[in-house]
Amino acid sequence: MKILMVDDSPLQRLALASLLEVEGYTDVLQVESPLEALCYLRQETADSIDLILMDLNMPGMNGIEACRQIKTLPKCQDIPIIMVTSSDEMDDLKHAFAAGAMDYLTKPPNEAELLARLRSALRLKQETDRRKAREQELQRLNGRLEQVLTNLAEQHHMLQLEQEKSERLLLNILPSSVAQQLKQSPGVIAERFEEVTVLFADIVDFTPLSASIPPEELVNLLNDIFSLFDHLAEKHGLEKIKTIGDAYMAVGGLPMPMENHATAVANMALDIQCEMNRLFNGRLQVRIGLHTGPVVAGVIGKKKFIYDLWGDTVNTASRMESHGLTGNVQVTEATYHHLKDHYLLEKRGTIQVKGKGNVVTYLLLGHRRDFVNDRLPTFLG
Amino acid sequence: MEGQIILDSTVITRILQRQSGRHLLALYVEEAGGMLQTLETAVSHANPQLIREAAHSLKSSSAYVGAVHVNTLSAALEQLGRQEQLETADLLFNQLCGEFERVKESIRQLENQR
């Protein structure tokens, strides 16, 4: 508890200080003029003052002006100032209060009065100090909270970017409905589809070709062809499953069920043949096989997983391709039944399929609307 | 003023109860003496502002030691200075000097008692 006493009279200072000492207030800094007081209060390193006792009438600067100037110092605004006045100076008190004084004492001060006014002023100062400290602490905490929130927002943004990136990658390898399902419940996803149409397309004589041109060129060529197939799959609403070497696998009717899966796949097969003819004019040809039936589709494993199909239907479709004719589309009887109304098909006969015995197959010639009397017009054939 | 109280005994008793009591009285004698000198100059130069200031200080200080008459007389002198009516200032100053001498004497006696 440090008290600053400003009085020009050594006698009055001593009288007041000895009163204070009796009450236990021993840390009293005495100065004889307001200028000296201001000089002390302006020092950066000065001890903080808890209370100022200010003589009202002093030669030079009086106590009222001293109050005003002390109150302009930022760190002194909360220091209570008690004016010490003669009883005939009451009129000046209102100016002192206007200048920031908090209370007053008449000369010579009565012990009880001095003590009471001192205590109330000091209590007020303590409360103000405590409140300010709390406010500062709150402000500090608030600042930290804001920083944490900013960091969080930044992290969230980064995370979002990462998530978007992985989302794009995921959608590139998995159908979006499957990606959603996988994100929500990781694990095995396997779903049975009662009727889909599977397509296998194989580039004929690609293996001998790969020996005659540089690998980079070969990969570029394959990329061009399969990108074209991807485009066609998208156009017909089919799901590309994968490529196996120089073979391409796609399916119609999943993961979203599709009523006309067989005709969509047939259209893609015809488009592939047509485009290959247009681009390579017989130098590169494709063999295509289709089959319609039930499959199980899903994602298994933990790494490098793909959305894949399983079941006899897949094997049969693959056999249709491998046992097919170059530049043709070979289909099973199951697919034939779906297509026969709108497409022209030619029965190929019975072929031996490993594991299945004799199978009746058809060659898909084209859409009926492209034919006149079941014959291809000369300008198309 | 003869026979009247020079120093208020209640005030003096309280002062002397304190460690700093004698020092306080000595300071009063010194300070009041200085102010009387200032007052003398002020009165002889008929300077009302200086009279007012010095008399005010003497008045306050005298109240601290219970020098009742010095207090009253300096208050009167301060009033003259404030009103700028210095006709009786001389007279009042002389009374003040006489009263201060008695205060000094009383204080000396108090010191001798101890």
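Predicted model: local features only at pLDDT ≥ 70, side-chain atom pairs only at ≥ 80, totals over all residues.
1. Extent of the interface. Chain A puts 19 residues into the contact and chain B puts in 17 residues. About 1,500 Å² is buried between chain A and chain B, and carbon and sulfur atoms account for 61% of that area.

2. Two salt bridges are found between chain A and chain B. One of the salt bridges in the model joins the side chains of A:E111 and B:R14, with an N to O distance of 4.0 Å. As the cut-off is 4 Å, the stated distance for A:E111 and B:R14 deserves a look in the coordinates. Between chain A and chain B there are also five residue pairs in polar contact, counted with both residues at pLDDT 80 or more.

3. Composition of the chain A side. Helix 1 of chain A, residues 10-22, is the element that gives the most to the side touching chain B, namely eight residues. Sorted by class, that side of chain A holds nine nonpolar, five polar and five charged residues.

4. Salt bridges overall. Over all chains, the rule gives a count of 25 salt bridges. In general, side chains of opposite charge can pair when their charged atoms come close. The points below take up some of the pairs within a chain.

5. A:R192 and A:E194. These two residues form a salt bridge in which the closest N and O atoms are 2.8 Å apart. Both A:R192 and A:E194 are exposed.

6. B:E101 and B:K104. The closest N and O atoms of this salt bridge are 3.5 Å apart. Both residues belong to helix 5 of chain B (residues 89-113); because they are three residues apart there, about one helical turn separates them. B:E101 has a relative accessible area of 43% and is partly exposed. B:K104, at 23% relative accessibility, is also classed as partly exposed.

7. B:E105 and B:R108. Helix 5 of chain B also holds B:E105 and B:R108, three residues apart, which is about one turn of the helix. Their salt bridge has its closest N and O atoms 2.6 Å apart. B:E105 counts as partly exposed at 35% relative accessibility, and B:R108 counts as partly exposed at 42%.

8. A network in chain A. Which residues does the network of salt bridges link? The linked residues are A:D50, A:K125 and A:D129.

How values were computed
Residues numbered from 1 in each chain as written. Chains lettered and ligands numbered in written order. Heavy atoms only, no water. Contact = heavy atoms within 4.5 Å. Buried area = accessible area lost by both parts, 1.4 Å probe. Polar contact = N/O pair within 3.5 Å; in protein donor to acceptor, adjacent residues only side chain to side chain. Helix = DSSP H or I, 4+ residues; strand = E, 2+ residues; numbered from the N terminus. Nonpolar A, V, L, I, M, F, W, Y, C, P; charged D, E, K, R; others polar. Buried < 20%, exposed > 50% of the residue type's maximum accessible area, 1.4 Å probe, protein only.
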